[in-house]
Amino acid sequence: MTFSISNVPINLKTQQDTLDAIRDRLSSGAGFSLCTFNLDHLVKVQNNPAFREAYAKADLVTADGFPIVKLAKLQKVNLERVTGADLIHPVCQLAASEKVSVFLFGSNAQTLSLCESRLKALHPGLEIAGTFAPGMGFSTSSADAATAVSLIRESRAKLCFVALGAPRQELFSAWALNQLPGVGFLNIGAGLDFIAE
């Protein structure tokens, strides 16, 4: 643990640390949930017990936002800002080089289609094993959550980008990891929307 705020440990200092940790888990076949902690999350974990629990289950946590980086600096801990959007291209490159397939989950069908074609073009050898955009009102108790788990399982993807926004993406990742223990879930917020713009 490098820095903790509101009982949330941020255990990855840099983007390279994050990529190394993902590579290690892919090599060992271990699943994980990766969260990017920012000021909005800081407020939400204090008021939302389920969100707090999702963070407690996260294996990998980065500092997403300069306020978090500055708070760490006050405790003489140097962190690099690493957002979900920052990780998409490097992780896709890693997945292509390691021959690990990826699943895109969240956002909407048009965005997922655009992202699939753009990411494949930018990262030769990248295999996107499937995509799924859930309907309105998505939660871990909805039919779409069960459908998502089934589709990810059937796709045999080892990495899943989850683009649902907080706290839904973190809640889904913590819940789905119990059913898909060999999959790495990366919570990336609006990262896919940025690529599709």
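Trainee: I'm looking at strands S5 and S7 in this model, so how many bridges join them, and do they run parallel or antiparallel?
Mentor: Five bridges join strand S5, which covers residues 102–106, to strand S7, which covers residues 159–163, and the two strands run parallel. Please keep in mind, as we go on, that this is a predicted model.

Trainee: Okay, and which residue in S7 stands opposite Val102?
Mentor: That is Leu159, which stands opposite Val102.

Trainee: What about the sheet with S5 and S7 in it, in what order do its strands come?
Mentor: Six strands make up an open sheet, and if you walk across it you meet them in the order S4-S3-S8-S7-S5-S6, with parallel pairing.

Trainee: Which strands stand at the edges, and why is one side of each left without a neighbour?
Mentor: The edges are taken by strand S4 (60–63) and strand S6 (128–132), and because each of them has a single partner strand, one side of each has no neighbour in the sheet. As for how the strands of this sheet sit against each other, neighbouring ones are turned by 15 degrees on average, with direction ignored.

Trainee: Switching topic, how many helices and strands does the chain have?
Mentor: There are nine helices and eight strands in the chain. Its radius of gyration is 16 Å, close to the 16 Å that the globule rule gives for 197 residues, so the chain is as compact as a globular protein of that length.

Trainee: And what box do the C-alpha atoms fill?
Mentor: Taken along the principal axes, the box filled by the C-alpha atoms is roughly 45 × 35 × 35 Å.

Trainee: What share of the residues counts as buried?
Mentor: Of the 197 residues, 49% count as buried. The chain also exposes about 9000 Å², and carbon and sulfur atoms supply 51% of that area. If you look at contacts between residues at least 6 apart in sequence, 76% of them join residues at least 24 apart.

Trainee: Now the charged side chains, how many salt bridges are there?
Mentor: The count comes to six salt bridges. In general, side chains of opposite charge can pair when their charged atoms come close.

Trainee: Which residue does Asp20 form a salt bridge with?
Mentor: Asp20 pairs with Arg23, and their closest N and O atoms are 3.2 Å apart. Both residues lie in helix H1 (residues 15–28), three residues apart, which is about one turn of the helix.

Trainee: Is Arg23 buried, partly exposed or exposed, and what about Asp20?
Mentor: Asp20 is partly exposed, with a relative accessible area of 32%, and Arg23 is partly exposed with a relative accessible area of 32%.

Trainee: Where else does Arg23 take part in a salt bridge?
Mentor: The side chain of Arg23 also meets that of Glu98 in a salt bridge, at 3.9 Å from N to O. This pair links distant parts of the chain, since Arg23 is in helix H1 while Glu98 is in helix H5 (residues 84–98), 75 residues apart. Glu98 is partly exposed, with a relative accessible area of 37%, and Asp20, Arg23 and Glu98 are linked in a network of salt bridges.

Trainee: One more pair, what do the side chains of Glu116 and Lys120 do?
Mentor: They meet in a salt bridge, at 3.3 Å from N to O. Because Glu116 and Lys120 are four residues apart in helix H6 (residues 109–122), about one helical turn separates them. Glu116 is partly exposed at 23% relative accessible area, and Lys120 is partly exposed at 37%.

Key
Residues are numbered from 1 along each chain as its sequence is written. This is a predicted model: local features need pLDDT of at least 70, side-chain atom pairs count only at pLDDT 80 or more; totals for chains, interfaces and linings use all residues. Side-chain values use heavy atoms; hydrogens and water are left out. A salt bridge is a side-chain nitrogen of Lys or Arg within 4 Å of a carboxyl oxygen of Asp or Glu. Buried means under 20% relative accessible area, exposed over 50%, partly exposed in between (1.4 Å probe, protein chains only). Two strands pair if DSSP finds at least two bridges between them. Axes are lines fitted to C-alpha atoms, for helices over the stretch in contact, and angles run from 0 to 180 degrees between N-to-C directions. The radius of gyration is taken over C-alpha atoms; the globule rule is 2.2 Å times the number of residues to the power 0.38. Contact means heavy atoms within 4.5 Å. Accessible areas come from the Shrake-Rupley method with a 1.4 Å probe; for residues, only the protein chains shown count as cover.
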